[in-house]
Amino acid sequence: MLDEHWGYITDVTRQQRLEQAILRVVKPEDVVADVGCGAGILGLLCLRAGAGFVHGIDSTAILEVARETFLRAGWSQRIQLHRAKSQQVSLPERVDVLICDHVGYFGFDYGIVEFFTDARRRFLKPGGQMIPSKINLQLAPVESPACVALVDKWAQENVPPEYRWVRQYGVSTKHAVHLKKDEILGEPVDLGSIDFRDDHPDFFSWQAELVVRRDGQFHGLGGWFDCELTQGVWMTNSPIAEHPIDRSQVFLPISEPVSVFRGEKIRAKIMARPTDSVIMWEVEFVASGRKFSHSTWQGMLLSADELVQQSPMHIPMLSDKGRARLLVLGYCDGLRTAKQIESAVLRDHPNLFPSAAETTRFVAQVLAGDTH
Amino acid sequence: LNLNTKISVPSQVMARQVGAETVILDLASGTYYGLDAVGARVWQLMVEGQTFAQACKVLLAEYDVQPEQLQQDIAALVQSLADQKLVTLEA
């Protein structure tokens, strides 16, 4: 976790662009909500730019780094940190500025559409500003042996033959990759855009026609974003940009390479349901009529039971673990200590799990997750 | 729906098979649908391009069931899939 946030904080281009946007948007004494704030760097930049108060929201333990950093930097009186998913947080006031950097690799693939929309509706003052304001999605045909190797790794010779079928999951996966300029087979095209100031449906469907600029092997689609932080300030992870931020792009493979020729047209369709983390991609080679269709849903490791549970007609029944959780929570009466709860569970339900050690671990886990 | 009816699957609809079960996801609505073993077999045959009549013939050979009952059940299933926009009926 620390490594991930070290990567964000030390990405000079990202930092410069976001600081530029913050200096343009944040006015003295503005109240800011930093949604998915991580180590708090954007909130820190807002305070340096004159913000009066920052609400930092993040569901992970990295928030403790933010807390200590603000304390050491002398800003602790002007920050309130909320450890939860932003959709579960209620702020004590409306804010002037919403800021968030959860644009993932392809703009919409890290949850920003869902939680930024919720934050705009519940946290932002009328007329308030959002950073970023918009993302444009770009798509290009890709020839990349490195990406193919990623997709094919379960089919390699050092994998026992019995396991090579697992490659089918690799084909139905959104891969995070660092594309090189010479791996782009044709001009990137604008696939579509998402303006965070507007409401959106849960389902997106975009189409584009790609033109191949040189003979080669088509291995899949490359996707990235061009993000408008505020008017006139952009940030991109495009592999062909002069000053991209240090962030991967996505590679959406097809099941087998297809030879393509200069001038050949490829139709691509991307459908996405960001809330469910599902992306579907269709590729059609206009000249030959060959079509490929893949989705990340088909790449998810799901058991038969889990698949059946996804049906709205499925009638849920409490599992053994669910029953055990209810049982443990039943001892939380506001009087017993954690130790007393553990002792009571072990005494009253000695066969809850195969061993007392596992029961102890389970009780601790439930108490840590579901109580305060 | 008649004997020559075929189905096509809209691009936002996809299916996954695990064992004898098939689960269909309509990405546009975010809704999942489950098919039991017989429903999954109907789905498989008709997605491959078989007509309603051809699918019925195959299933009659595979299951011990009266032709009228089978036709009625499959018609109800296919119509239900069409009503939920999981398939498009083609004459």
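# Chat notes on a predicted two-chain model

Q: Where in chain A is F108(A) placed?
A: F108(A) sits in the loop of chain A between β4 (95-99) and α5 (112-123). Keep in mind that the model is predicted.

Q: Is F108(A) buried or exposed?
A: F108(A) counts as buried because its relative accessibility is 2%, and the cut-off for buried is under 20%.

Q: Which residues does F108(A) touch, leaving out those up to four places away in sequence?
A: The contacts of F108(A) are V103(A), V113(A), I135(A), L137(A), I194(A), W206(A), A272(A), P274(A) and I279(A).

Q: What separates the C-alpha atoms of F108(A) and P28(A)?
A: The distance is 31 Å. Along the chain the two residues are 80 residues apart.

Q: What about G107(A): how many residues along the chain lie between it and I135(A), and what is the C-alpha separation?
A: I135(A) and G107(A) are 28 residues apart along the chain, and their C-alpha atoms are separated by 6.3 Å.

Q: Changing topic to the backbone. Which residues does the cis peptide bond join?
A: The cis peptide bond is between I131(A) and P132(A), with omega at about 0°. P132(A) is in the loop that runs between β5 (124-131) and β6 (134-142) of chain A. Strand β6 is also where I135(A) is found.

Q: What is phi of E29(A)?
A: For E29(A), phi is near 70°, which is a positive value in a residue other than glycine. E29(A) lies in the loop between α2 (12-25) and β1 (31-35) of chain A.

Q: Buried or exposed, E29(A)?
A: E29(A) is exposed, at a relative accessible area of 56%.

Q: And what about phi of S277(A)?
A: Phi of S277(A) is near 55°, again a positive value in a residue other than glycine. The loop that holds S277(A) is between β13 (265-273) and β14 (278-285) of chain A. S277(A) is exposed, with 54% relative accessible area.

Q: Zooming out: how many helices and strands are there in chain A?
A: Chain A has 11 helices and 15 strands. Its C-alpha trace spans about 75 × 60 × 40 Å along the principal axes. Of the 372 residues in chain A, 49% are buried.

Q: What share of chain A contacts between residues at least 6 apart join residues at least 24 apart?
A: For chain A that share is 71%.

Q: How many positive and negative side chains does chain A have?
A: Chain A has 40 positive and 47 negative side chains, and the centres of the two sets lie 2 Å apart.

Q: Now chain B. In what order do its elements run from the N terminus?
A: The order in chain B is β-β-β-β-α-α-α-β. The radius of gyration of chain B is 13 Å, close to the 12 Å that the globule rule gives for 91 residues, so chain B is as compact as a globular protein of that length. The buried share of those 91 residues is 41%.

Q: What about charges in chain B?
A: Chain B carries 5 positive and 10 negative side chains, with the centres of the two sets 8 Å apart.

Q: How many residues are in contact between chain A and chain B?
A: 22 residues of chain A contact 18 residues of chain B. The area buried between the two chains is about 1700 Å², and carbon and sulfur atoms give 68% of that.

Q: Which residues of chain A lose the most area to chain B?
A: They are R273(A), W297(A) and L307(A), which together account for 33% of what the chain A side buries.

Note on methods: Residues numbered from 1 in each chain as written. Chains lettered and ligands numbered in written order. Heavy atoms only, no water. Helix = DSSP H or I, 4+ residues; strand = E, 2+ residues; numbered from the N terminus. Rg over C-alpha atoms; globule rule 2.2 N^0.38 Å. Buried < 20%, exposed > 50% of the residue type's maximum accessible area, 1.4 Å probe, protein only. Lys, Arg positive; Asp, Glu negative; His and termini not counted. Charge placed at Lys NZ, Arg CZ, Asp CG, Glu CD. Contact = heavy atoms within 4.5 Å. Buried area = accessible area lost by both parts, 1.4 Å probe.
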